[in-house]
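Colleague: Please take me through this one. Keep it short, and define your terms.

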Amino acid sequence: MFGFGKKKSYEDQFRESVAKKDIVGADSTARKAFSDKTSDEHVLAWIAGSIYDLNLEKSFDLLQVFTERFPS
């Protein structure tokens, strides 16, 4: 009813930050997603693609992390 205990996905959090032009928030969400060992490859791929597409230079180091973690 009130949404208690319902955590927004990393994708939703990232989208919200970008919509607000909150680059620091987007970077923070991306870093949380990459440090969360339960994040799936498709989630991290979407975030990495968004970082590249949006030219979020602050987060470019995560592109390297993605390619090292998922080389194929």
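Modeller: First, a definition: a crossing is left-handed if the near helix is turned anticlockwise from the far one by less than a right angle, and right-handed if clockwise. This is a predicted model: local features need pLDDT of at least 70 and side-chain atom pairs pLDDT 80 or more, while totals for chains, interfaces and linings use all residues. Residues are numbered from 1 along each chain as its sequence is written, and side-chain values use heavy atoms, without hydrogens or water.

Colleague: Is the crossing of helix 2 and helix 3 left-handed or right-handed?

Modeller: Helices here are DSSP runs (H or I, at least four residues; strands are E, at least two), numbered from the N terminus. Helix 2 covers 23-35 and helix 3 covers 41-53. Their crossing is left-handed.

Colleague: Are helix 2 and helix 3 roughly parallel or roughly antiparallel?

Modeller: Axes are lines fitted to C-alpha atoms, for helices over the stretch in contact, with angles from 0 to 180 degrees between N-to-C directions. These two axes come within 10 Å and cross at roughly 150 degrees. Under 35 degrees counts as roughly parallel, over 145 as roughly antiparallel, 65 to 115 as roughly perpendicular, and the rest as oblique. So helix 2 and helix 3 are roughly antiparallel.

Colleague: Which residues of helix 3 make the contact with helix 2?

Modeller: Contact means heavy atoms within 4.5 Å. Helix 2 brings Ala 30, Ala 33 and Phe 34. Helix 3 answers with Leu 44, Ile 47, Ala 48 and Ile 51.

Colleague: At what angle do the axes of helix 2 and helix 4 cross?

Modeller: Helix 4 spans residues 61-69. Its axis and that of helix 2 come within 11 Å, crossing at roughly 20 degrees. That makes the two helices roughly parallel, the angle being roughly 20 degrees.

Colleague: Where is Ser 39 found, and is Ser 39 buried or exposed?

Modeller: Ser 39 is found in the loop between helix 2 and helix 3. Buried means under 20% relative accessible area, exposed over 50%, partly exposed in between (1.4 Å probe, protein chains only).

Colleague: Which residues does Ser 39 touch?

Modeller: Residues up to four places away in sequence are not counted. That leaves Tyr 10, Ala 33 and Leu 44.

Colleague: What is the phi of Lys 21?

Modeller: Lys 21 is found in the loop between helix 1 (10-19) and helix 2. At 71% relative accessibility, Lys 21 is exposed. Lys 21 is not a glycine, yet its phi is positive, about 60 degrees.
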